[in-house]
Amino acid sequence: MDILYFIVQQTMFFAIPLLIVALGGMFSERSGVVNIALEGIMVMGGFFGIGFIHIFESRMSGQLLLLLALLVAAISGGIFSLLHAFASINLKADQTISGTALNLFAPAFVVFVARMLQGVQQIQFKDTFHMNKVPFLGDIPFIGPLLFRNAYITTYIGLGIAIVAGIVINKTKFGLRLRACGEHPQAADSVGINVYKIRYAGVVISGALAGIGGLVFIVPTSTNFNASVAGYGFLALAVLIFGQWRTNKIIAAAFFFGIMKTFASAYSVVPVLKTLPISTEVYKMIPYIATLVILAFSSRNSQAPKAEGIPYDKGSR
Amino acid sequence: MKKRKFMLSKGGKDFIASIIAIAAGLLIGLIILLFSNSKQAFPAFGMILKGGFTDGLVGIAQVFYLSTPIILTGLSVGFAFKTGLFNIGSSGQFTCGAFAAVYIGVKWTFLPGEIHWVVALIGALIAGALWGMVPGILKAVANVNEVITSIMMNYIGMYLVNILIVKYVYDPIKSQSVPVAKTAIIPKAGLDKLFQSNNINISIFIAILAVIVIYIVLNKTTFGFELKACGLSPDASRYAGINAKRNIILSMTIAGALSGLGGGLLYLAGSGKYMQVLDVLAPQGFNGISVALLGMSNPIGILFAGLFIGHITVGGNNIQLYDFVPEIVDIIIATIIYFGAFALLIKSIIGKIRRKPSETAPVKEEK
C-alpha cells in the first residue's frame with residue numbers, strides 16, 4: 001500500500017507541471033498560434049519565481065511565499081510571451097521561428113542575469129513549502145495518504161487550473177471565441193470577434209500558465225534553479241499533441257506521462273521491478289517509447305486546430 | 001539598374017532581411033552589455049565582432065571547429081524545412097551518429113588505416129539516418145506529428161547511447177568514452193601545422209561538400225523539386241502525382257543522415273572531446289535550428305550562418321576577459337532569429353520602397 005501511495009505522490013510531481021504547461025499551450029494553439037516557446041517561457045517563469053523566493057525567503061516562508069512566487073512566475077511568463085504574440089499576430093511572423101528564438105533567448109538571458117548579479121548561475125532556495133500532511137484532509141483513510149501527504153500546494157493549484165481551463169475553453173463565451181479563432185478566424189471576424197485580441201489573450205494565458213509551470217516543476221524536485229527546466233516545455237508540447245488539443249485528453253496524457261516518469265525514477269522501490277535485470281536507463285526510455293507507440297496508433301485523425309500557425313490577415317477574408 | 005534588380009530578387013531580399021536581423025541582434029547585445037557594465041561594453045563588443053579573428057589563425061581554426069557540426073545540423077534542419085517538416089530531432093540523430101562513429105573508431109581496428117575514419121563517418125551517417133527515418137515513417141504511415149516524435153526520439157537516443165557507451169566504449173576512470181584509434185581520427189592534411197591548432201582537420205571541407213551536395217539535390221534535381229513541392233503545397237503535389245509519403249520518409253532520413261554525420265565529425269576530430277554519460281540533449285541539435293533559420297534554409301546561407309555563429313561564439317568566449325558572461329552571444333543569436341521571423345515583413349517593406357507604386361503587388365512568400 002505504501003508503494004501505491006508513494007507512486008501517486010511522485011506522479012503528481014511529474015504530471016502537474018506538464019499538465020499546467022500543456023493546458024497553457026492549448027490556449028495558445030486553440031486560438032491559432034503555435035507556441036513552441038513553452039520551454040523558454042517555463043525557464044523565465046522559473047527564474048523570476050525562484051528569484052523572488054530567493055530574495056524574500058529571509059522575510060517570509062511557507063505557502064504565502066510560494067503563492068506570491070507563483071504570481072510572479074505567471075506575470076513574467078505572460079510578459080515574456082507578449083514577444084511571441086507581437087511577432088506572430090501583429091507582424092505575421094513565422095511562429096516556429098519566433099518560438100525558437102524565445103526558447104534560445106530565455107536560458108541565455110537567465111544565465112547572463114544570474115551570473116552578472118551573483119557570480120554563479122544557480123539560484124538557491126530553501127524548501128519551506130513541503131507539506132508532510134495537509135491538515136484534516138491528510139487523515140482521511142486511503143484518500144488522505146494518496147493525495148494529501150508528502151505534497152505541495154502546487155498540486156492542488158494545478159488540478160484547479162485544469163478544471164478552470166476545461167470550463168473556460170468549453171463552456172464560456174470567451175472559450176467559444178477562442179476556438180473559433182483557431183478553426184476559422186475569417187468566420188469569427190465576420191461576426192465581429194476581434195481575432196487579434198483573442199489570439200493575444202490565448203498566447204498570454206499560455207505564457208502565464210507556462211510561467212507557473214516552470215516554478216511548479218522546480219519547487220518539488222530541487223532546491224536550486226540552474227537556468228533549465230530539463231526539456232519539460234518540449235514534453236508539455238508532446239503532451240498537448242498527444243492529448244489532441246482537448247482538455248480531458250491532455251489531463252489523461254499528462255498523468256500517463258507522469259506515471260511513466262515515476263516508474264522511470266522510482267522503480268527501485270517496487271520490489272518486483274527492482275529484481276529485474278534492467279538498467280535505469282531503460283526505465284528512463286520507457287515514457288518516450290510508450291508515447292511513440294501510442295501516438296502511432298492514435299494519430300490517424302489529428303484534431304489540431306485548422307488555422308493553427310497561419311497568421312490572420314484581415315485582408316484575406 | 002543591376003543593383004535594384006538584386007534588391008528585388010528573392011535572394012537579395014533574403015540577404016537584406018538577414019543583414020537587418022543581424023544588425024538588430026548585435027544592437028540588442030550592445031545594449032545589454034552597456035546595461036551590465038557600461039565601461040567595458042565597447043571593448044567587449046568589439047571583441048565579439050572580431051570573434052575568430054582575434055587570435056589569428058588559431059582563432060579561425062577554432063571557428064571552423066565550432067562551425068562544422070552546427071553547419072551539418074543546420075543543413076539537416078534546413079533540408080527538412082524545405083520539405084515542410086520541422087526536424088527538432090537533430091539532437092538525437094547527432095548523438096546516435098556520434099556514438100556510431102566512436103564505436104567504429106574504437107572497435108573496428110581491423111579496418112585498414114586509410115579507410116577506418118571513412119567507415120566510421122559512414123556509420124555515423126547511417127545511424128543518424130535510421131534515427132531520422134523513424135519520425136518520417138510515423139508521419140507518412142500513421143500521420144503522427146513529426147515534432148513530437150522527433151522530441152521523443154531525442155530522449156530515446158540520448159538514453160540509448162548512454163547505455164551503449166557504458167556497455168561498449170566506457171572508460172570508468174575518466175567516466176567518458178575511450179579514445180578512438182588513431183586511424184579513425186579525421187586526417188588533418190597538414191592543416192594543423194598551417195593553422196597552428198590541433199582542433200582543425202579536413203572536416204570543414206566535408207561540411208562544405210555536404211552543403212554543395214544538398215544545394216544540388218534541392219535546386220538541380222527532380223527529386224529536390226518534388227521535395228520542395230511537397231513542402232510548399234502537399235495537396236497540389238499529391239495531385240501532380242508526387243509520392244508525398246515516400247518523400248516525407250526520404251526527407252527525414254536524409255536530414256537524420258546529415259545530423260549524424262555532424263556528430264561523427266565532432267567526435268572523430270581528435271581534439272580531446274569524448275562522449276559523456278549525461279542526461280542532457282546534445283546542444284548542437286538545437287543550435288542547428290538557429291543555423292537553419294539564420295541561413296533561411298538555403299544551403300549556402302546555412303554554411304555562412306554556421307560560420308557566423310562559430311565566429312561570434314569564439315568572440316563570446318573571449319569577452320570573459322572583460323568579466324562578461326559568454327551567454328551574451330546566445331542572446332544575440334536569439335534576437336537575430338527573432339527578427340529573422342519578421343523576414344516577411346522586412347521583405348515586403350523592401351519591396352514597397354524599391355518598387356514604383358504602380359508595380360506594387362503582394363509579395364509572394366516562399367517558406
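This is a predicted model: local features need pLDDT of at least 70, side-chain atom pairs count only at pLDDT 80 or more; totals for chains, interfaces and linings use all residues.

User: Start with chain A. How many helices and strands are there in the secondary structure of chain A?
Analyst: Chain A has 13 helices and four strands. Its radius of gyration is 20 Å, close to the 20 Å that the globule rule gives for 317 residues, so chain A is as compact as a globular protein of that length. Along the principal axes, its C-alpha atoms fill a box of roughly 60 × 50 × 40 Å.

User: What share of the residues in chain A is buried?
Analyst: Buried residues make up 56% of the 317 residues. As for contacts in chain A with a separation of 6 or more, 77% of them are accounted for by residues 24 or more positions apart.

User: And chain B, how many helices and strands there?
Analyst: Chain B contains 16 helices and two strands. A compact globule of 367 residues would have a radius of gyration near 21 Å, and the 21 Å of chain B agrees with this. The C-alpha trace of chain B spans about 70 × 60 × 35 Å along its principal axes. Of its 367 residues, 56% count as buried, and residues 24 or more positions apart account for 76% of the contacts with a separation of 6 or more.

User: Now packing. At what angle do α1 and α9 of chain A pack?
Analyst: Helix α1 (residues 2-30) and helix α9 (residues 195-221) of chain A pack at about 170°, with their axes 7 Å apart. An angle over 145 degrees counts as roughly antiparallel, and α1(A) and α9(A) are therefore roughly antiparallel to each other.

User: Which residues meet there?
Analyst: On the α1(A) side they include Phe13(A), Ile16(A), Ile20(A), Leu23(A) and Phe27(A). On the α9(A) side, Val203(A), Leu209(A), Ile212(A) and Phe217(A) are among them. The residues of this contact divide into 15 nonpolar, six polar and no charged.

User: Where does Ile161(A) lie, and what is it in contact with?
Analyst: Ile161(A) lies in helix α6 (residues 153-171) of chain A. Leaving aside neighbours within four places in sequence, Ile161(A) is in contact with Ile20(A), Leu23(A), Leu209(A) and Ile212(A). Ile20(A) and Leu23(A) belong to α1(A), and Leu209(A) and Ile212(A) to α9(A).

User: Is Ile161(A) buried or exposed?
Analyst: Ile161(A) is buried, as its relative accessible area is 14%.

User: Back to chain B. How do α5 and α12 cross?
Analyst: The axes of α5 (residues 90-107) and α12 (residues 244-267) of chain B come within 7 Å and cross at roughly 50°. The two helices are therefore oblique to each other, and the crossing is right-handed.

User: What kinds of residue form that contact?
Analyst: They divide into seven nonpolar, nine polar and no charged. Among those in α5(B) are Gln93(B), Phe94(B) and Gly97(B), while α12(B) contributes residues including Gly256(B), Gly260(B), Gly263(B) and Tyr267(B).

User: Last topic, backbone angles. What is phi of Trp245(A)?
Analyst: Phi of Trp245(A) is near 60°, a positive value in a residue other than glycine. Most residues other than glycine have a negative phi. Trp245(A) lies in the loop between α10 (232-242) and α11 (247-266) of chain A, and counts as buried at 2% relative accessibility.

User: And Ala189(B), buried or exposed?
Analyst: Ala189(B) counts as exposed, at 63% relative accessibility. Ala189(B) has a positive phi of about 50° although it is not a glycine, and is found in the loop between β2 (176-177) and α8 (191-195) of chain B.

Notes. Residues are numbered from 1 along each chain as its sequence is written. Chains are lettered from A and ligands numbered from 1 in the order in which they are written. Side-chain values use heavy atoms; hydrogens and water are left out. Axes are lines fitted to C-alpha atoms, for helices over the stretch in contact, and angles run from 0 to 180 degrees between N-to-C directions. Angles under 35 degrees count as roughly parallel, over 145 as roughly antiparallel, 65 to 115 as roughly perpendicular and the rest as oblique. A crossing is left-handed if the near helix is turned anticlockwise from the far one by less than a right angle, and right-handed if clockwise. Contact means heavy atoms within 4.5 Å. Ala, Val, Leu, Ile, Met, Phe, Trp, Tyr, Cys and Pro count as nonpolar, Asp, Glu, Lys and Arg as charged, and the others, Gly among them, as polar. The radius of gyration is taken over C-alpha atoms; the globule rule is 2.2 Å times the number of residues to the power 0.38. Buried means under 20% relative accessible area, exposed over 50%, partly exposed in between (1.4 Å probe, protein chains only).
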